[in-house]
Structure formats: C-alpha cells, structure tokens
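Welcome! Open your viewer, get ready to select a few residues, and follow along stop by stop.

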Amino acid sequence: MKNMLITGGAGFIGSNFVRYLLRIEPEVQIVNLDALTYAGSLENLRDLPDPARHTFIHGDICEPGLVTRLMSEHGIDTLVHCAAESHVDRSIHGPAPFIQTNIVGTFTLLEAARQVWGETGGFEGRRFHHVSTDEVFGSLAAESPAFGETTPYDPRSPYSASKAGSDHLVRAYFHTYGLPVTLTNCSNNYGPYQFPEKLIPLMILNALRGRPLPVYGDGRQVRDWLYVEDHCEAIQLVLAKGKPGETYNIGGGNQPCNIDIVRQICTLLDELHPEGAPHERLITHVPDRPGHDRRYAMDIAKIRAELGWAPRHNLTSGLRATVEWYLGHPEWVAVIAQQSGYNDWLEKNYAQRGGKA
Ligand code: NAD
Ligand code: DAU
C-alpha cells in the first residue's frame with residue numbers, strides 16, 4: 001500500500017480517512033479524487049498532517065479517461081472508494097444522481113482498475129476497497145438478530161438500492177475477473193466534518209440556531225451509531241489484513257432510538273452552550289420519511305474475530321466529542337452552509353413537512 005487513490009475524500013468519511021491515514025501510515029501517498037458536490041468541500045481538508053503526501057484532484061468518478069489516467073500516472077496500487085451520493089432524503093427527492101454516481105461511478109472505477117492493473121503487472125499486490133452501508137440489508141424488526149455478512153439484500157430506498165447495485169458489481173468483478181476487492185458494510189457514522197443534513201449535526205446546528213428539531217414520525221427508529229474514526233481504523237485494517245473477495249460488517253453496537261439521541265444532544269448543549277436551554281423544548285415531531293427503515297443493527301463478530309477490530313468509542317464519549325467539535329468550529333459551519341445551498345435544502349426537505357427546520 002504505497003500509492004492510494006481515495007474517491008470522495010473531500011466528504012465526511014473520506015476526509016476523516018485521509019487525515020487518519022496521513023497520521024498512521026508514514027509511507028503512503030494519497031491521490032484524492034472528488035467532484036466537490038454540495039457534500040464535499042476543501043474546508044474538510046484544511047490543516048492535514050503531512051500535506052505533501054496528499055494530492056487533491058477535482059473530478060468525477062464517472063469519467064473513465066480521468067480515472068484511468070490518474071491510476072496510471074500515479075502508479076495506484078490501492079483504491080478506496082468512498083465517493084457516493086449518500087443522503088436517503090435526497091434520494092427520495094431526486095434519485096437520478098444516485099444511480100449515476102453510485103452505480104455508474106463504481107462501474108467506471110472497477111473497469112479502470114481492471115484495465116490499468118491488467119496492463120501493468122496484474123492484480124498481485126493491488127486492492128480495490130469498496131465502502132458500503134448496512135442499509136443494503138433493509139429494515140429489521142425489533143426482535144430480529146443483527147445483520148450478518150450473509151443476510152440477503154433487501155434495500156428499500158433509491159439510495160440503498162443504488163449502494164446494493166454497486167456492491168453486487170464489486171463482487172462480480174472478483175468472481176468474474178479475479179479483481180482483488182474487499183468490501184465493508186458499515187452502520188451510521190457521526191463525528192467531525194459531517195455535512196449537517198444528517199441527523200446528529202442537523203440537530204446540533206438547529207438547536208444552536210433556536211430552530212425546531214425535526215424528529216421523523218414517532219422517533220422510535222433505531223440506528224447502530226459508530227464514531228467515524230472507528231470506521232477509518234476498520235477500513236485501514238481491512239486493507240492491511242482483509243482477504244480479497246471478503247466482506248466485513250462494521251458497527252458501533254450502540255442502539256438508542258432517534259428521539260433518545262436527540263435528547264442526549266439537547267442535554268449536552270444545555271451543559272456546553274447553556275444559552276437557549278432547555279434545548280429539548282425545540283423537539284418537534286414531523287411527518288415520517290417515506291419507506292423509513294425501522295431498525296439497523298450490525299453483527300461485527302467476523303471483523304472482531306478475523307482482524308481484531310472493535311470500536312474504541314461509545315456513544316456517550318463520541319457524542320460529547322462531536323458536539324464539542326461543532327461548537328469549536330463556527331467558521332467551518334458558516335462556510336459549509338454558504339457553499340452548499342444548505343438553506344435551500346432545509347426549505348425543500350422540511351418546509352412541506354410542517355415542522356420548519
Ligand atoms: P458524503 O456525502 O459526506 O461525501 C461523499 C463525497 O463524494 C463528497 O465529497 C462528494 O463531493 C463526493 N462525490 C459525490 N459524487 C461524486 C462523483 N461523481 N465523483 C467524485 N466524487 C463524488 O458521504 P459520507 O457520509 O462520507 O459517505 C462516504 C461513503 O460511505 C459512501 O459510499 C456512503 O455510502 C458510505 N457510508 C456512509 C455512512 C454514513 O453514516 N455516513 C455509513 C456507511 C457507509
Ligand atoms: O446506516 C448507514 C447510513 O446512515 C449511510 O449509508 C447513509 O449514507 C447515512 O446517511 C445514514 O443514513 P440514515 O438515513 O440512517 O441517516 P440520517 O442521518 O439521514 O437519519 C438517521 C435517522 O434519523 C433516521 O432514522 C432518520 C432520522 N431523521 C433524520 C433526519 C435528517 C430524523 O428523524 N430527522 C431528520 O431531520
């Protein structure tokens with residue numbers, strides 16, 4: 001692992017992964033390919049450790065010429081594919097970019113890897129790692145066991161269906177062409193640099209602005225929350241020790257329901273930013289997300305047993321660190337909100353719901 005291409009490295013998980021790798025892998029050279037959609041920003045890549053080992057390329061993973069050129073010119077031996085359209089609510093409003101980036105984009109990268117590596121020494125010592133989601137498995141009933149690596153796929157939103165399609169393509173390239181792929185399916189991440197359309201940063205920022213905290217439906221849905229740095233560590237371990245063709249489930253094992261997460265955020269803000277307390281008074285139930293998955297939970301026995309990974313953070317410490325990070329980075333919040341048409345998104349997603357965000 002010397003020359004790595006990271007796609008989507010200006011987004012939430014990608015930028016955290018770039019930072020993490022530069023810190024712990026002293027030899028690796030990183031090429032970061034990102035289209036800088038609303039979700040990506042160079043603000044996420046400020047103050048990198050050892051920035052000389054990081055090259056940013058502004059471009060689209062769906063462009064075959066660009067991707068093959070980057071792989072050849074930089075002698076890429078490892079590709080970590082994070083780029084995606086990632087927000088379920090946006091996939092409900094407009095699914096087309098999800099099909100394009102998540103399916104066509106993944107196909108474009110697989111073809112580039114097959115071609116470039118095939119023509120320059122073969123697949124030995126190379127790796128294509130695909131970062132995917134627990135949402136491909138569908139929705140769990142309250143009593144059902146957690147998702148395992150062999151749970152049948154049952155995606156229920158345009159986002160998760162497009163991620164499922166990309167996972168199938170990645171596995172097909174392993175079985176058909178012998179491309180050395182690995183996959184990780186991970187649960188909900190949270191932490192620094194997360195775009196504030198997702199539950200946790202949205203609630204923090206709305207509370208700071210004295211806006212309603214829009215809880216979908218009854219708020220009893222359950223996610224399996226993981227601090228983003230734990231996810232980065234798991235990906236790095238899969239690159240180092242994972243077997244080609246294998247999939248590893250990743251999760252945090254913390255499972256309070258949404259309304260309890262929102263209450264915990266309010267309590268933290270009451271302590272760390274007492275102005276506006278009690279923040280719970282802002283909680284507003286709004287009409288539910290269509291097709292809303294009720295519960296996710298990940299069985300992480302495989303990655304724990306085979307690679308020795310387990311999360312280091314629990315939700316209490318991770319949420320506190322996250323609230324502190326957002327409170328400590330008002331400039332980041334201001335630039336991100338301004339760059340990305342954020343207020344238009346709030347208007348589009350929440351105005352018709354009745355509870356104005
Ligand atoms: P994000 O939306 O924060 O970032 C996505 C990045 O991809 C952005 O920087 C964006 O500019 C870039 N991008 C989008 N389309 C592109 C294109 N066509 N070409 C190049 N770059 C493009 O997403 P995230 O939350 O960091 O998620 C990263 C990956 O992890 C995704 O594949 C997602 O499905 C997966 N995942 C996310 C979570 C989570 O909780 N956030 C959990 C499990 C898996
Ligand atoms: O499970 C992994 C997935 O987690 C990733 O693949 C996705 O990229 C990521 O966006 C995330 O999907 P979710 O839909 O679970 O995350 P989101 O933050 O959008 O919502 C979390 C829960 O909170 C979900 O039950 C919906 C609810 N919610 C969300 C928002 C934005 C609300 O109640 N109100 C809100 O305003």
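Stop 1: Select R46, which is partly exposed, with a relative accessible area of 49%. E43 and R46 form a salt bridge, and their closest N and O atoms are 2.9 Å apart. A salt bridge is a side-chain nitrogen of Lys or Arg within 4 Å of a carboxyl oxygen of Asp or Glu.

**A word on what you see.** This is a predicted model, where local features need pLDDT of at least 70, side-chain atom pairs count only at pLDDT 80 or more, and totals for chains, interfaces and linings use all residues. Residues are numbered from 1 along each chain as its sequence is written, chains are lettered from A and ligands numbered from 1 in the order in which they are written, and side-chain values use heavy atoms, with hydrogens and water left out.

**Stop 2: bridges across the sequence.** How many salt bridges does a search of the whole structure find? The search finds 15. For one of them, select D218 and R294, whose side chains meet at 2.8 Å, N to O. D218 sits in the loop between β8 and β9, and R294 in the loop between β11 and α9, 76 residues apart. (Helices, H or I of at least four residues, and strands, E of at least two, are DSSP runs numbered from the N terminus.)

Next, select E246 and K302, a salt bridge with 2.5 Å from N to O. E246 lies in the loop between α7 and β10 while K302 is in helix α9, so this pair ties together parts that are 56 residues apart in sequence. E246 is partly exposed at 28%, whereas K302 counts as buried at 18%.

**Stop 3: ligand 2.** Select ligand 2 and the 25 residues that surround it, each with a heavy atom within 4 Å. Among the closest are D134, N188 and Y350. Which element gives the most to this shell? That is β8, with three residues.

Zoom in on the oxygen atoms of ligand 2. One lies 2.6 Å from an N or O atom in the side chain of Y159, and a backbone N or O atom of Y216 is 2.8 Å from an oxygen atom of the ligand. The protein covers 95% of the 690 Å² of accessible area that ligand 2 has on its own (Shrake-Rupley method, 1.4 Å probe).

Key. A polar contact is a pair of N or O atoms within 3.5 Å; within protein, one must be able to donate a hydrogen and the other to accept it, and residues adjacent in sequence count only if both atoms are side-chain atoms. Buried means under 20% relative accessible area, exposed over 50%, partly exposed in between (1.4 Å probe, protein chains only).
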